[in-house]
Amino acid sequence: MSDPLPREIRCVLVPVGNQRLLLPNATIAEVITQSKPEPLPGAPAWVLGRIAWRGWRVPLVSFTQLAGTEEGDAELSVRVAVLKALGGNPKLPFIAVLTQGFPRLTTLNAELIIPTHDGSELPPGVRAQVLVRDDVAMIPDLEWIEAELHRLQDAADQAVPAESAESAGSDESTGIEG
């Protein structure tokens, strides 16, 4: 016999530009200060690169650039929300999203989430637009974002061995003493 679905869900409203992302609290691994990302070759503008976090190289996403929304107040402190990826891919267990300010915890039920979508096409990476109490929020399409990041990461990882092979003429570049 399966457990009944919970009546309330703990969620997080993550500030991104002038918008908020609505995510289940369980997807947030940590909120950290922003560090300079390492470029990801061939990535679109919404992928700012990869950051180092707990031994992982985590892709950093600008949701405002992805969804084409306003950047917001540049005076607010910029942080990074590290999210647990949903796809189960061992090469991409986390995704980082640029935020402004701190995520806000909230407990929601079905009555507190009101769809606001007018039927027009949603921006890339957005699954739904909703009103949560007094906040307009976007529910990100994390599966689509993960699939795009996985594709980009695979392409970047395949490009690295080809570049390494070209420079492997010296023992110093291979790391082998001899």
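Predicted model: local features only at pLDDT ≥ 70, side-chain atom pairs only at ≥ 80, totals over all residues.

Author: Residues are numbered from 1 along each chain as its sequence is written, and side-chain values use heavy atoms, with hydrogens and water left out.

Reader: What makes a stretch count as a helix or a strand, and how many of each does the protein have?

Author: Helices (H or I, at least four residues) and strands (E, at least two) are DSSP runs, numbered from the N terminus. By that rule the protein has three helices and 11 strands. Their order from the N terminus is β-β-β-β-β-α-β-β-β-β-β-β-α-α.

Reader: How do you know that strand 6 and strand 7 pair?

Author: Two strands pair if DSSP finds at least two bridges between them. Strand 6 (residues 78-84) and strand 7 (residues 94-100) have seven bridges, in the antiparallel sense. Valine 80 has leucine 98 of strand 7 as its bridge partner, and valine 78 has glutamine 100.

Reader: What joins strand 5 to strand 7?

Author: Two bridges join them, and the two strands run parallel. The definition asks for at least two bridges, so strand 5 and strand 7 count as a pair. Valine 61 has valine 97 of strand 7 as its bridge partner.

Reader: Which strands are called the edge strands of the open sheet, and why?

Author: The open sheet has five strands in the order 3-6-7-5-4, with mixed pairing. Strand 3 (28-33) and strand 4 (47-53) are its edge strands, as each pairs on one side only. Neighbouring strands of this sheet are turned by 30° against each other on average, direction ignored; the axes behind such angles are lines fitted to C-alpha atoms, for helices over the stretch in contact, and angles run from 0 to 180 degrees between N-to-C directions.

Reader: Why is strand 7 called largely enclosed?

Author: Buried means under 20% relative accessible area, exposed over 50%, and partly exposed in between (1.4 Å probe, protein chains only). Seven of the seven residues of strand 7 are buried, so strand 7 is largely enclosed by the rest of the structure. In a regular strand the side chains alternate between the two faces of the sheet. On one side of strand 7, Phe94, Ala96, Leu98 and Gln100 are buried, and on the other Ile95, Val97 and Thr99 are too. Of the 178 residues of the protein, 35% count as buried.

Reader: What makes one space a cavity and another a pocket?

Author: On a 1 Å grid over the protein atoms alone, a cavity is a set of points where a 1.4 Å probe fits but cannot get out; a pocket is an open set with protein on both sides within 12 Å along at least five of seven lines. Lining residues have an atom within 4 Å of a point. Grid points are joined across faces, edges and corners, and a volume is the space filled by probe spheres set on the points.

A search of the whole structure finds one cavity of 30 Å³ or more, and the largest cavity has a volume of about 40 Å³. Its lining includes Trp56, Arg57, Val58 and Pro59, and strand 5 (residues 56-61) gives the most to that lining, with four residues. The largest pocket holds about 250 Å³ of space. Its lining has 14 residues, among which Cys11, Leu22, Leu23, Pro24 and Ile139 lie nearest its centre. Strand 2 supplies the largest share, three residues.

Reader: Why is arginine 54 called exposed but arginine 133 partly exposed?

Author: Arginine 54 has a relative accessible area of 63% and is therefore exposed. Arginine 133 is partly exposed, because its relative accessible area is 43%. Arginine 54 is in the loop between strand 4 and strand 5, and its phi is near 50°, a positive value in a residue other than glycine.

Reader: Where is arginine 133 found?

Author: Arginine 133 lies in the loop between strand 10 (126-132) and strand 11. These two strands form a hairpin with two residues between them, and arginine 133 in the turn has a positive phi of about 55°. Strand 10 and strand 11 pair in the antiparallel sense over six bridges, one of which has glutamine 129 and methionine 138 as partners.
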